[in-house]
Amino acid sequence: EIQLQSGDKVQLKPLTIKELRKFMAVIQKTAEAKTEDETLTILIEACGIALEKQLPELVEDRNALEEALDVPTINRILEVCGGIKMDDPNLLAAAVLAGQN
């Protein structure tokens with residue numbers, strides 16, 4: 001269970017296969033991201049997919065979702081729900097390269 005910046009508490013759990021397909025399609029967009037802002041937007045969208053069943057009202061309001069998230073929380077959601085570790089050296093290298101372009 002984690003607490004979002006909004007005060008909402010949510011029990012994180014791995015996504016179903018159906019949700020994971022949608023989640024991974026969004027995550028794959030990071031390969032084309034040219035700026036940190038674009039990457040962050042994609043990661044927020046992925047978090048929205050991970051949280052939409054439990055907090056649908058929050059996910060529908062993009063501003064509220066962005067206010068509820070911080071980077072450590074995004075990392076935790078991606079890890080628990082989607083199995084993506086943001087401290088993976090391969091992902092970090094890709095992010096650095098994207099920032100240089």
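This is a predicted model: local features need pLDDT of at least 70, side-chain atom pairs count only at pLDDT 80 or more; totals for chains, interfaces and linings use all residues.

Q: How many helices and strands are in the protein chain?
A: The protein chain has 6 helices and 2 strands.

Q: What pattern do they follow along the sequence?
A: The order is β-β-α-α-α-α-α-α.

Q: What share of the residues is buried?
A: Of the 101 residues in the protein chain, 33% are buried.

Q: And the contacts between residues at least 6 apart in sequence: what share joins residues at least 24 apart?
A: That share is 55%.

Q: Let's take α2. How many residues does helix α2 have?
A: Helix α2 has 16 residues, 36–51. From first C-alpha to last, the helix reaches 22 Å. That is close to the 22 Å expected at 1.5 Å a residue.

Q: Which residues of α2 are buried?
A: The buried ones are Ile42, Leu43, Ile44, Ala46, Cys47, Gly48, Ile49, Ala50 and Leu51.

Q: What covers the buried residues of α2?
A: The cover includes the strand β2 (9–10). It also includes the helices α1 (17–27), α3 (56–60), α4 (62–68) and α5 (71–82).

Q: Switching to voids. How many cavities of 30 Å³ or more does the structure hold?
A: The structure holds 1. About 60 Å³ of space lies in the largest cavity.

Q: Which residues line the largest cavity?
A: The lining consists of Lys13, Pro14, Leu15, Glu19, Ile49, Ala50, Glu52, Lys53 and Gln54.

Q: How does that lining split by class?
A: It has 4 nonpolar, 1 polar and 4 charged residues.

Q: Glu19 is in that lining. Is Glu19 buried or exposed?
A: Glu19 counts as buried because its relative accessibility is 14%, under the 20% cut-off. Glu19 lies in helix α1.

Q: What does the side chain of Glu19 reach?
A: The Glu19 side chain reaches the backbone nitrogen of Thr16 at 2.9 Å.

Q: And which residues is Glu19 in contact with, leaving aside neighbours within four places in sequence?
A: Glu19 is in contact with Ile49 and Lys53. Both of those residues also line the largest cavity.

Q: Gln54 lines the cavity as well. Where does Gln54 lie?
A: Gln54 lies in the loop between α2 and α3.

Q: Why does Gln54 count as partly exposed?
A: Its relative accessibility is 32%, so Gln54 falls between the 20% and 50% cut-offs.

Q: What about the Gln54 side chain: which backbone oxygen does it reach?
A: The side chain of Gln54 reaches the backbone oxygen of Gln11 at 3.0 Å. Beyond four places in sequence, Gln54 is in contact with Val10, Gln11 and Lys13.

Q: How far apart are Gln54 and Leu12 in space?
A: They are 9.2 Å apart, C-alpha to C-alpha, and 42 residues apart in sequence.

Q: Next, Leu55. Is Leu55 buried or exposed?
A: Leu55 is buried, at a relative accessible area of 12%. Leu55 is also found in the loop between α2 and α3.

Q: Leaving aside neighbours within four places, what is Leu55 in contact with?
A: Leu55 is in contact with Leu4, Asp8 and Val10. Leu55 and Leu65, 10 residues apart in sequence, are 9.7 Å apart from C-alpha to C-alpha.

Q: Now Thr73. Where is Thr73 placed?
A: Thr73 sits in helix α5. Its relative accessible area is 10%, so Thr73 is buried.

Q: Which contacts does Thr73 have, leaving aside neighbours within four places in sequence?
A: Thr73 is in contact with Ile2 and Leu4. Leu4 is in contact with Leu55 too.

Q: Last one, Glu1. Is Glu1 buried or exposed?
A: Glu1 is exposed, with a relative accessible area of 64%. Glu1 lies in the segment before β1 (2–3).

Q: What does Glu1 touch, not counting residues up to four places away in sequence?
A: Glu1 touches Lys9, Val10 and Gln11.

Technical notes
Residues are numbered from 1 along each chain as its sequence is written. Side-chain values use heavy atoms; hydrogens and water are left out. On a 1 Å grid over the protein atoms alone, a cavity is a set of points where a 1.4 Å probe fits but cannot get out, and a pocket is an open set with protein on both sides within 12 Å along at least five of seven lines; lining residues have an atom within 4 Å of a point. Grid points are joined across faces, edges and corners, and a volume is the space filled by probe spheres set on the points. Ala, Val, Leu, Ile, Met, Phe, Trp, Tyr, Cys and Pro count as nonpolar, Asp, Glu, Lys and Arg as charged, and the others, Gly among them, as polar. Helices (H or I, at least four residues) and strands (E, at least two) are DSSP runs, numbered from the N terminus. The expected span of a helix is 1.5 Å times one less than its number of residues. Buried means under 20% relative accessible area, exposed over 50%, partly exposed in between (1.4 Å probe, protein chains only). Contact means heavy atoms within 4.5 Å. A polar contact is a pair of N or O atoms within 3.5 Å; within protein, one must be able to donate a hydrogen and the other to accept it, and residues adjacent in sequence count only if both atoms are side-chain atoms.
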